[in-house]
2 protein chains.
Amino acid sequence: MTEPLRIGIAGLGTVGAGVVKIVRQKANLLAARAGRPVAITAVSARTRDKDRGVSLNDYTWEDDPVALARRDDIDVFVELMGGSDGPAKAATEAAIATGKDVVTANKAMLAHHGQALAEAAEDAGRVLRFEAAVAGGIPVVKALTEGLAGNDVTRVMGVMNGTCNYILTRMQSAGLPYEAVFDEANSLGFLEADPTLDVGGIDAGHKLALLASVAFGTRVDFGSVELEGIEQITIADIRHAADMGFRIKLLGVSQMTGRGLEQRMSPCLVPENSPLGQLEGGTNMCVLEGDMVEQVVLRGPGAGEGPTASAVMADVIDIARGTRLSTFGQSAATLSHARPAKAATPAPFYLRMALDDKPGALAKVATVLGEAGISIDRMRQYRHDDSTAPVLIVTHKTTRNALDSALAAMSRLDVVDGTPVALRIETV
Amino acid sequence: MTEPLRIGIAGLGTVGAGVVKIVRQKANLLAARAGRPVAITAVSARTRDKDRGVSLNDYTWEDDPVALARRDDIDVFVELMGGSDGPAKAATEAAIATGKDVVTANKAMLAHHGQALAEAAEDAGRVLRFEAAVAGGIPVVKALTEGLAGNDVTRVMGVMNGTCNYILTRMQSAGLPYEAVFDEANSLGFLEADPTLDVGGIDAGHKLALLASVAFGTRVDFGSVELEGIEQITIADIRHAADMGFRIKLLGVSQMTGRGLEQRMSPCLVPENSPLGQLEGGTNMCVLEGDMVEQVVLRGPGAGEGPTASAVMADVIDIARGTRLSTFGQSAATLSHARPAKAATPAPFYLRMALDDKPGALAKVATVLGEAGISIDRMRQYRHDDSTAPVLIVTHKTTRNALDSALAAMSRLDVVDGTPVALRIETV
């Protein structure tokens, strides 16, 4: 096969421009590696007249991404518009219906419609690939679906939202409160237009749902991801955690258990000397665990023009080479409906609460924990100047259900001020 | 394609037994992922009557691996015997000549004969794959040749001999001299029958030569790898390096420069707070740098039954899925003959020497360095009880050539006792 692979690109933001640059600047390299040239035929974006740092004169312009997807002079439709529905989904469906392979970086679309789109592609004999949708430049979808294909995957974990990791590590290094670092990240342009996509864990939750599907051969089930953002994390939490040898990360964890499939995206404590604990700034990390390979850790840039375009091109080059892979690692028709786990795997928890400075206050809290069957590993009460004392408790392993009962009972005590914060301590 | 992929396995040591276990125990998983069953047809090893923890009764036994490779009831020949020549090479050649795909974990064979074997496979329309030959369970060949295929790779680095990393980190943690930890590793069975394969850097050098080929599209050139083992590293070096914020690792580095291809496997200093610096024990790490993706780091087990069998199965499943990839990431016929770089990229160096305790001794050494155009970043002279003083120097960036001239001049001084030790400080 030596005729060019012809691609059409819809969406010419940072990542789209990066893909155009790679195809233009590395023609010989791509041809050598793919065994055939890779060529751009047509492009589409919302605004035509905008300096993207690269010439688009050689390509047919389409105002409508669906029209681009339907063109008969493209082999691969590269969807880089984003958005779970709307033009991205319409164009992807049009591409598949008209016999195109699709490469997308769109985690929201796949988190919501991945199963239907994968089935449509499979029925049409087309491939739909999404390496760029998860953890940017890290080839983690490939690592899981191909590199670890001989494993029963036991757990996948990931720090997959660089903005959240930036905020948490910056709070620690600069000693600034959450709000100040949030504003700083916002002014640096790190946050999505709707910041809750980042700090609420939704963006990272989309990625976790995709990883869980390829890890466990299950249908993407974003609706069952337990989501918890980082908004409640205080600088005090970060310092207390550090005192005890931990770091706080917005960590995604998915594992298949006898109780069903767990998918959690939440702030967790991890040991400071673990690879996850040592991850600083906007870098992403995925931890893949399988029964044969034990543990493989991948670390790299989770966003940005070059890294994300690199991941898009990995899928494009696979297709150019003739590699035909299922979207989620096995035929979409064979993916199972995983039962969501009603109860998460037991873990130790970090609890932070404000106790009234009264005799017997701590005893009441300890009694509540004991009655819920939760034993205390470590407890610290910090010096304080006002009428409530900050108290930290690290529990031994317990279930989230037992913990929630205890938290509810605590909120009924007359000595606990406000709602206690509970963060899982993940074993890594 | 739903008929089984039939494999024949030659070599039933740890890894071979692991592959048999995966195929037997995960039949449904493999069939789901590959879209067809994977079945073992025939096996071969030096000893038939040996408990390998798994039954071989279902498979045809061949005493001769070449006869196994030639059988017409296998599609893929899995070579797990080892050795650069002899039966492994003969059987691999026989497999290709009789129309089989080949999966091998044999780094020595590919380091010496990779180009010829890849060309033979290509001419026969067969694939030859080797994920398990480099860094055990880490899917690094796949990450480079596929995941980062849209990049001009700028540098690859790796800690790829777990035994050496075990020795170096154990020396540090236990405060034991090299010889004691070497004996310990030997008694634990960590060392090859010929230990210089490990501690001399040869095994890791084989792996680096393979990584360099896939990174830069060049023919494997193991003969040009600069090899330096860890035998000369003392506990004092490790402590001095730690004092200055460094760790010592047997580090492979390959980069393409204007002066040609650099391939070095040598003990280097790396910052203690870098992913490479933090790597402990037998774990492997590969650092991949590309112009688009910046830096991707992969960490995982570099040896052992499960991890290595996992890597073998990744290649087998690729073949079962119909993925047909070139051995070294592009057609073997198009791989270039890289000119070996005569001079390595400049770097800072760590120097350790013993100076006679005489007035003016240090001045003489400093003068020699100055005359070679090498400036000193840091210098420490340690307290001492005998007639020579241990002196450490960290230079600013310099070329190895300038350094070698300076070292030669130092050895002619009457105040330097023995030969100074020089270790590169790699920027990571």
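Two residues count as being in contact if their C-beta atoms, placed from the backbone, lie within 7 Å. Keep that in mind for the close-ups below, which all come from a predicted model.

**View 1. Here is where chain B meets chain A.** On each side of this meeting place you can count 49 residues: 49 of chain B are in contact with 49 of chain A. On the chain B side, the elements that give two or more residues are α2 (27–34), α6 (140–147), β12 (294–301) and α12 (305–320). Sort the chain B side by class and you get 21 nonpolar, 18 polar and 10 charged residues. Why do we say the copies meet through the same surface? Because 100% of the interface residues of chain B are also interface residues in chain A.

View 2. Take chain B, turn it by 180 degrees with a shift of 0.0 Å along the axis, and it can be laid on chain A with an RMSD of 0.0 Å. That is the relation of a two-fold axis.

**View 3. Strand β12 reaches across from one chain to the other.** Strand β12 (residues 294–301) of chain A pairs with β12(B) in the antiparallel sense, over three bridges. To find the spot, look for A:Val297, which stands opposite B:Arg299. Is β12(A) mostly covered or mostly uncovered? Mostly covered, with six of its eight residues buried.

**View 4. Inside chain A, β12 has another partner.** Strand β11 (residues 283–290) of chain A runs antiparallel to β12(A), and eight bridges join the two. Together β11(A) and β12(A) make a hairpin, with three residues between them. One pair to pick out is A:Met285 and its bridge partner in β12(A), A:Arg299. As background, strands of a sheet pair through backbone hydrogen bonds, either parallel or antiparallel.

**View 5. Two domains of chain A touch here.** Chain A is divided into domain 1 (5–137 + 324–332), domain 2 (147–302) and domain 3 (349–425). Where they touch, 12 residues of domain 2 are in contact with 10 residues of domain 3. On the domain 2 side, α11 (235–243), β9 (246–257) and β10 (260–271) of chain A are the elements that give two or more residues. By class, that domain 2 side has eight nonpolar, three polar and one charged residues.

**View 6. Follow the open sheet of chain A from strand to strand.** Six strands line up in the order β3-β2-β1-β4-β5-β6, and the pairing is parallel. Which strands sit at the edges? They are β3 (60–62) and β6 (128–129) of chain A, each pairing on one side only.

**View 7. Peek into the largest nonpolar core.** This core has 296 residues, and those with the most contacts inside it are A:Val78, A:Val312, A:Val316, B:Val78, B:Val312 and B:Val316. Let's stop at A:Val78: leaving aside its neighbours within four places in sequence, A:Val78 is in contact with residues including A:Ile7, A:Ile9, A:Val103, A:Val312 and A:Val316.

**View 8. B:Glu272 sits in a loop.** You'll find B:Glu272 in the loop between β10 (260–271) and β11 (283–290) of chain B. Is B:Glu272 buried, exposed or partly exposed? B:Glu272 is partly exposed, because 14 other C-beta atoms lie within 10 Å, and a residue needs 20 or more to be buried. Check B:Gly245 too: B:Glu272 and B:Gly245 are 27 residues apart in sequence, but 5.6 Å apart in space, C-alpha to C-alpha. Not counting residues up to four places away in sequence, B:Glu272 touches B:Ala242, B:Gly245, B:Phe246, B:Arg247 and B:Gly277.

**View 9. Strand β7 of chain B is tucked in among its partners.** Six of the seven residues of strand β7 (residues 153–159) of chain B are buried, so β7(B) is largely enclosed by the rest of the structure. β7(B) pairs with β11(B) in the antiparallel sense over six bridges, and here B:Gly158 has B:Cys286 as its bridge partner. β7(B) also pairs with strand β9 (residues 246–257) of chain B, again antiparallel, over four bridges. In that pairing, look for B:Met157 and its bridge partner B:Val253.

Key. Residues numbered from 1 in each chain as written. Chains lettered and ligands numbered in written order. Predicted model: local features only at pLDDT ≥ 70, side-chain atom pairs only at ≥ 80, totals over all residues. Nonpolar A, V, L, I, M, F, W, Y, C, P; charged D, E, K, R; others polar. Pairing = 2+ DSSP bridges. Least-squares fit on C-alpha atoms with pLDDT ≥ 70 in both. Buried ≥ 20, exposed ≤ 12 C-beta atoms within 10 Å, placed from the backbone. Domains from an automatic or database assignment. Core = buried A, V, L, I, M, F, W, Y, C linked by C-beta atoms within 7 Å.
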